[in-house]
There are 4 protein chains.
Amino acid sequence: MGVSSPPVLRVAIVGAGFMGKMHAHAWRTAHRFFSLDAIPEIAVLVGRDAARTADAAREFGALAASTDWREVVARADIDVVDICTPGDTHAEITLAALAAGKHVLCEKPLATSVVDAERMVVAAAAAPDLVAMCGFSYRRTPALSLARELVTAGRLGEIRHVRAQYLQDWLSDPDAPFTWRLDRERAGSGTLGDIGAHSIDTAQWLSGERITAVSALTRTFVTDRPELTEQVGLGGRAVQGASRRDVTVDDAAAFTATFAGGAIGVFEATRMATGRRNANRIEINGSRGSISFDFERLNELEFYDATDPAGEQGFRRIQVTEPEHPYAAARWPAGHGLGYEHGFTHQIVDFVRAITAGTKPSPSFAEAAQVQRVLAAVEDSAARGSIMTAVEGAPS
Amino acid sequence: MGVSSPPVLRVAIVGAGFMGKMHAHAWRTAHRFFSLDAIPEIAVLVGRDAARTADAAREFGALAASTDWREVVARADIDVVDICTPGDTHAEITLAALAAGKHVLCEKPLATSVVDAERMVVAAAAAPDLVAMCGFSYRRTPALSLARELVTAGRLGEIRHVRAQYLQDWLSDPDAPFTWRLDRERAGSGTLGDIGAHSIDTAQWLSGERITAVSALTRTFVTDRPELTEQVGLGGRAVQGASRRDVTVDDAAAFTATFAGGAIGVFEATRMATGRRNANRIEINGSRGSISFDFERLNELEFYDATDPAGEQGFRRIQVTEPEHPYAAARWPAGHGLGYEHGFTHQIVDFVRAITAGTKPSPSFAEAAQVQRVLAAVEDSAARGSIMTAVEGAPS
Amino acid sequence: MGVSSPPVLRVAIVGAGFMGKMHAHAWRTAHRFFSLDAIPEIAVLVGRDAARTADAAREFGALAASTDWREVVARADIDVVDICTPGDTHAEITLAALAAGKHVLCEKPLATSVVDAERMVVAAAAAPDLVAMCGFSYRRTPALSLARELVTAGRLGEIRHVRAQYLQDWLSDPDAPFTWRLDRERAGSGTLGDIGAHSIDTAQWLSGERITAVSALTRTFVTDRPELTEQVGLGGRAVQGASRRDVTVDDAAAFTATFAGGAIGVFEATRMATGRRNANRIEINGSRGSISFDFERLNELEFYDATDPAGEQGFRRIQVTEPEHPYAAARWPAGHGLGYEHGFTHQIVDFVRAITAGTKPSPSFAEAAQVQRVLAAVEDSAARGSIMTAVEGAPS
Amino acid sequence: MGVSSPPVLRVAIVGAGFMGKMHAHAWRTAHRFFSLDAIPEIAVLVGRDAARTADAAREFGALAASTDWREVVARADIDVVDICTPGDTHAEITLAALAAGKHVLCEKPLATSVVDAERMVVAAAAAPDLVAMCGFSYRRTPALSLARELVTAGRLGEIRHVRAQYLQDWLSDPDAPFTWRLDRERAGSGTLGDIGAHSIDTAQWLSGERITAVSALTRTFVTDRPELTEQVGLGGRAVQGASRRDVTVDDAAAFTATFAGGAIGVFEATRMATGRRNANRIEINGSRGSISFDFERLNELEFYDATDPAGEQGFRRIQVTEPEHPYAAARWPAGHGLGYEHGFTHQIVDFVRAITAGTKPSPSFAEAAQVQRVLAAVEDSAARGSIMTAVEGAPS
């Protein structure tokens with residue numbers, strides 16, 4: 001990483017919103033619980049508004065603030081660029097950072113188009129000494145990491161079914177306000193790209209198989225929403241204005257899929273599943289066993305082993321909080337559950353370790369670009385009457 | 001029903017297998033727990049093998065046995081014909097029974113083709129004094145009956161999502177033996193028609209909306225299976241032979257759907273979901289609330305009311321065993337769960353009450369034929385690259 | 001059973017209330033699903049009111065009705081006396097029935113005093129050719145039968161903890177009406193004897209260990225309740241009168257216990273656990289594993305096997321509906337849940353089989369009398385400041 | 001707090017073990033997510049071994065290390081003393097810290113004797129300008145905070161039942177090694193004081209009622225355990241020696257209790273509940289509703305509202321991750337679960353806010369001393385044959 005001594009890793013976080021805040025927490029926390037060969041330091045936080053970014057830098061524990069990502073990315077004293085901005089800016093920032101010799105951690109989805117994603121893959125391949133990773137952080141929930149171990153060890157046998165749902169409900173109310181996530185220009189896609197992308201990544205990663213084709217349906221149930229004016233009201237909060245703005249992305253997406261290994265998949269992503277706050281669920285059925293997971297109970301993995309004796313078979317509720325479990329050993333006593341932020345912390349642990357070990361962490365940009373190709377195929381299929389549509393570049 | 005006094009309802013059950021046994025239990029039991037204006041009597045059981053049918057008649061509590069359904073259906077002393085045979089015989093028996101002036105209860109799926117189903121609808125319409133009903137018995141699980149009441153009362157608001165899965169695993173083992181259910185000639189279709197049909201019926205009935213189009217994928221994972229020879233082994237059980245026979249139906253089906261009212265649906269039916277014994281699940285999300293059900297916990301309905309105060313919202317686990325609940329009042333104390341067979345008993349209760357009251361019970365043949373049309377559209381779509389395929393006769 | 005041919009078993013049910021109804025269902029149903037060497041017939045139903053008993057006899061499927069249990073018990077054509085009356089009458093009827101040479105199935109609790117229970121034990125011992133059994137029917141819920149098999153096979157190792165709760169809420173409302181179950185004269189005790197007795201029986205039977213001493217607390221939260229007048233109101237229902245009547249039994253009981261084998265137990269029974277309809281729960285922890293059960297999910301047994309590999313350990317949710325499971329083979333397909341009444345049916349199956357095989361079924365009167373001694377010790381301890389009180393006759 | 005500007009709060013953490021680590025994380029994190037009027041800084045970490053403490057100081061983010069708590073506590077530049085040592089040292093350090101004018105956060109249990117606890121109460125009362133708080137951090141799990149709000153708002157009505165279990169299994173294996181927690185001299189008591197104390201605190205705090213008397217049973221199932229030698233083995237880990245050491249505390253405790261308001265309680269704490277990792281559970285039943293919680297699913301509160309319409313009643317699974325919920329607003333999006341450490345972070349938030357606002361936070365030393373009195377009564381009752389034993393100083 002350029003600096004050999006002292007082992008400090010200087011990080012620039014680009015994006016001062018919610019995701020930047022989560023990443024900052026992870027950068028501050030990783031070395032407090034895990035043994036790392038380089039100690040991260042949040043050298044600078046980059047945002048759009050100078051005053052707000054300065055406040056956020058103090059809040060996040062960044063040493064400095066900036067509104068000029070280009071200048072920051074070019075600075076010699078920065079080792080890592082961590083990109084937490086909306087998807088339409090990912091490609092440009094990433095390309096600049098890699099060109100400047102920085103390691104890059106880029107939030108998902110990797111880009112808002114396959115073309116951009118592939119440019120990023122090419123740039124990463126052209127910089128073999130740099131670590132480039134995409135932030136599908138759910139993978140590093142210990143329960144899902146354990147699921148991956150079980151699949152990899154052959155405990156599920158031949159995989160036949162992948163069943164993934166990502167159910168939220170924060171848009172269920174037709175008067176929930178417009179946000180940038182509902183604007184195709186900025187977000188690339190809607191529910192599909194925001195949360196469906198997680199399901200796609202998890203499904204391919206867990207099963208170890210790429211999606212080869214999809215048949216999809218998308219829907220926008222609420223086609224316009226009230227726009228919040230930015231003015232600050234009496235209570236210090238934004239006030240809802242009278243105007244409504246068109247929603248230009250999907251509220252929900254559903255698709256069936258075929259996998260390279262012969263399995264079939266059923267996917268659903270929605271922000272209109274009333275009562276489901278963050279039900280990021282996946283179940284995989286194989287000839288020898290099954291796993292089932294729901295992020296609403298993130299410390300649990302359900303595992304069914306068909307080789308258990310008849311009469312004693314059943315889904316085991318494994319509390320993934322034991323010393324034997326992924327990421328758990330470094331932390332606290334058995335049975336004491338982890339929260340949402342731990343996926344981010346584990347992500348930083350693995351990212352930093354890849355840098356110091358000179359290895360290539362997963363999800364690589366290539367893996368993330370494959371997710372992008374599936375997203376594109378989903379949109380394509382939905383636009384063409386749900387016809388089964390091959391994922392570009394996927395093995396036939 | 002023709003007989004005014006004494007109020008006995010003479011029933012012929014056609015089909016001496018498992019389903020005939022379940023129906024017989026229901027016919028024997030309904031008037032023991034519910035007040036009925038006619039008392040059923042199982043006058044005759046019809047099967048294919050004389051000796052076996054005679055044994056079954058004793059076991060099921062039928063007064064007589066027969067191997068000639070045509071003769072039985074024509075008998076003057078029979079009021080009701082209850083058809084529990086494989087699907088390919090439903091149309092012929094039903095038409096004969098209606099022609100002979102008998103009330104008909106026909107197991108699902110109504111037929112093995114849309115053409116047959118529609119002939120049955122026509123025949124039922126031509127006999128306005130007779131009761132004709134299709135045996136989608138899951139509807140009469142009290143938890144699903146309660147769900148229907150909630151939807152009908154508007155408690156879910158505008159319906160947006162229907163999410164139905166019927167997951168079994170008895171074919172997960174590639175060496176599970178061949179049965180008639182895997183033979184297209186006899187069963188009509190595979191998992192789709194056997195259990196997917198339940199999901200389709202439940203989805204349309206609960207939501208109150210017809211499915212207008214589907215995009216489907218079907219799959220046969222295990223294409224041949226060992227055939228059991230019919231000879232009786234030492235232990236009195238069938239012995240598995242050396243030959244294997246081709247599976248000519250689907251092992252699994254998955255499809256997305258659009259509903260007349262604007263909702264979208266995701267359906268999955270499989271007998272290969274390792275670890276899931278009989279997970280007949282449905283969830284419906286609307287603008288005001290949601291319901292969720294899993295037959296593996298058949299006495300529970302999950303209900304989410306979005307009008308509950310913020311901070312107190314959550315899915316309520318309603319134990320549908322209270323005096324206020326459908327079918328429960330006539331039975332036993334609160335909290336004492338019901339089993340699978342009660343759906344059948346409730347079906348008989350409603351069927352008999354319709355006969356004595358001169359009303360038309362649901363599911364009518366017309367409703368069941370609509371299920372058949374959806375099944376046909378699913379198969380059609382699956383055969384044509386999953387293209388979104390309109391359900392014949394459905395409102396556009 | 002005296003009659004050798006034809007193999008009909010003539011049963012007299014004494015008690016025409018809810019419990020008599022459940023037993024009648026079981027007598028009618030057992031031979032329909034299980035192979036029995038004698039076929040039960042409900043020869044007569046005995047109640048207190050002639051007209052009501054005649055109605056009930058028709059409803060229950062009894063061939064005749066009577067108001068004179070003494071006459072019935074003495075009849076030569078009766079093989080079995082099935083006692084479903086309140087507890088204060090059990091001893092007298094049982095003694096008469098055994099003296100008349102009848103097999104006896106007696107509802108729990110066996111009696112309302114230890115003295116009476118022991119007289120019944122003596123009488124049963126004096127009639128070695130007769131079958132005498134007490135109706136702790138929950139034992140025959142397949143999930144609990146499976147639990148017993150696991151414990152007996154040593155799968156739990158050394159047992160350390162027994163944790164049993166029986167939680168209901170039908171008295172939670174202070175204006176819920178008075179019933180005979182709240183009258184010490186008729187019921188013997190309150191919640192303790194009615195439902196706590198089940199927990200005691202299940203705990204001793206599952207663990208295979210007797211309770212040696214208890215430290216108890218009982219409480220009556222609502223000390224008087226409105227009395228229903230028996231007059232029929234406009235709607236045909238009983239009308240609540242203005243008078244209130246003293247509750248002379250406990251609403252709730254809680255006690256700790258020691259077991260002969262070294263385990264400790266914690267028991268709680270209440271009818272005031274708002275929201276819990278029939279949560280008959282038990283968990284047992286041993287050095288090698290644990291089991292956990294809740295009747296609100298009666299088809300499931302949770303089993304934890306501490307010998308599973310570290311990292312894969314977890315409570316397995318076994319759906320006790322498979323061919324390998326107790327009582328399940330004779331019934332219907334895997335995964336199709338059973339209800340409350342099946343425990344009664346299974347009880348009849350085992351009772352009839354004991355008669356035809358000449359064996360002694362469990363729970364014997366001796367086992368039931370041991371439950372009675374524990375109940376007495378609980379009441380004794382509660383009356384003496386919760387001091388740890390030895391169970392009479394228990395091994396020290 | 002003495003310092004008005006700049007608003008930095010200088011903290012000394014005494015205790016460099018697991019609990020010190022958790023507190024350090026909370027001190028570092030609280031102001032990153034919550035608005036505080038003083039910014040904590042971990043000025044010094046105090047441990048017993050100089051080298052290890054220096055390492056831990058770096059790991060925990062402390063500015064300095066020390067092995068002399070007396071010196072540290074007396075330093076003028078320390079504002080807060082945070083005591084994370086074993087219970088037998090709490091009183092001495094607390095008294096010194098209060099005498100030196102420091103705010104004190106003391107881990108639970110407050111002390112190892114009632115006498116010591118009461119000395120601490122007196123000392124805190126004599127320093128009205130200082131904040132003294134005991135670290136029953138589970139209270140600040142948002143789900144339990146919400147439960148408290150519901151009880152306080154009268155949503156449960158008259159409270160009748162408290163049912164608390166704290167089930168762990170890390171001592172289930174008889175060869176699990178000896179630790180200081182099994183030594184009465186250092187730990188004061190065993191399971192009872194370590195985890196039973198949490199249940200007692202939660203029960204009294206949630207119900208708003210003091211425990212007035214208890215009837216208790218304790219048990220040590222495994223009376224000696226292998227002792228780990230402190231020498232470092234090849235792998236850098238402690239090696240288990242051949243000797244065994246006597247366990248001088250309880251493995252399990254069970255007791256019934258009476259509350260001042262008329263409720264009864266059943267408590268159980270054990271480290272031998274095979275399969276239960278950290279099942280810190282509590283259920284409270286009142287005349288109008290119930291709440292139920294299990295730390296194994298720490299983001300959920302089950303709430304039953306008996307005023308819901310009949311037929312729609314059921315326990316609601318509230319995901320306590322919404323903006324309306326305690327502590328949740330400052331954090332991340334709805335539905336994204338929290339972990340074990342958040343209780344500690346919230347504890348620091350409330351502790352710091354009490355300091356800057358000049359208020360008295362809960363749990364006060366007086367509340368914690370009441371827990372100590374209950375613990376003493378439990379041990380007393382267990383020693384005297386479980387006789388119901390009044391809690392010293394409790395209202396009669």
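In chain C, 6 strands make an open sheet with parallel pairing, in the order 3-2-1-4-5-6. Strands here are DSSP runs of E of at least two residues, helices are runs of H or I of at least four residues, and both are numbered from the N terminus; two strands pair if DSSP finds at least two bridges between them. Strand 3 and strand 6 of chain C each have a single partner strand, so one side of each is left without a neighbour in the sheet.

This is a predicted model: local features need pLDDT of at least 70 and side-chain atom pairs count only at pLDDT 80 or more, while totals for chains, interfaces and linings use all residues. Residues are numbered from 1 along each chain as its sequence is written, and chains are lettered from A and ligands numbered from 1 in the order in which they are written.

| Strand 3 of chain C | residues 65-66 |

Strand 6 of chain C pairs with strand 5 (residues 103-107) of chain C over 4 bridges, in the parallel sense. Within this pair, C:Leu105 is opposite C:Met133.

Now to the cores. The largest nonpolar core has 246 residues, and C:Ala12, C:Leu45, D:Ala12 and D:Leu45 touch the most other members. Such a core is a set of buried Ala, Val, Leu, Ile, Met, Phe, Trp, Tyr and Cys residues joined through C-beta atoms within 7 Å; buried means that 20 or more other C-beta atoms, placed from the backbone, lie within 10 Å of a residue's own. Apart from it lies another core of 244 residues, including A:Trp27 and B:Met120.

Note on methods. Buried ≥ 20, exposed ≤ 12 C-beta atoms within 10 Å, placed from the backbone.
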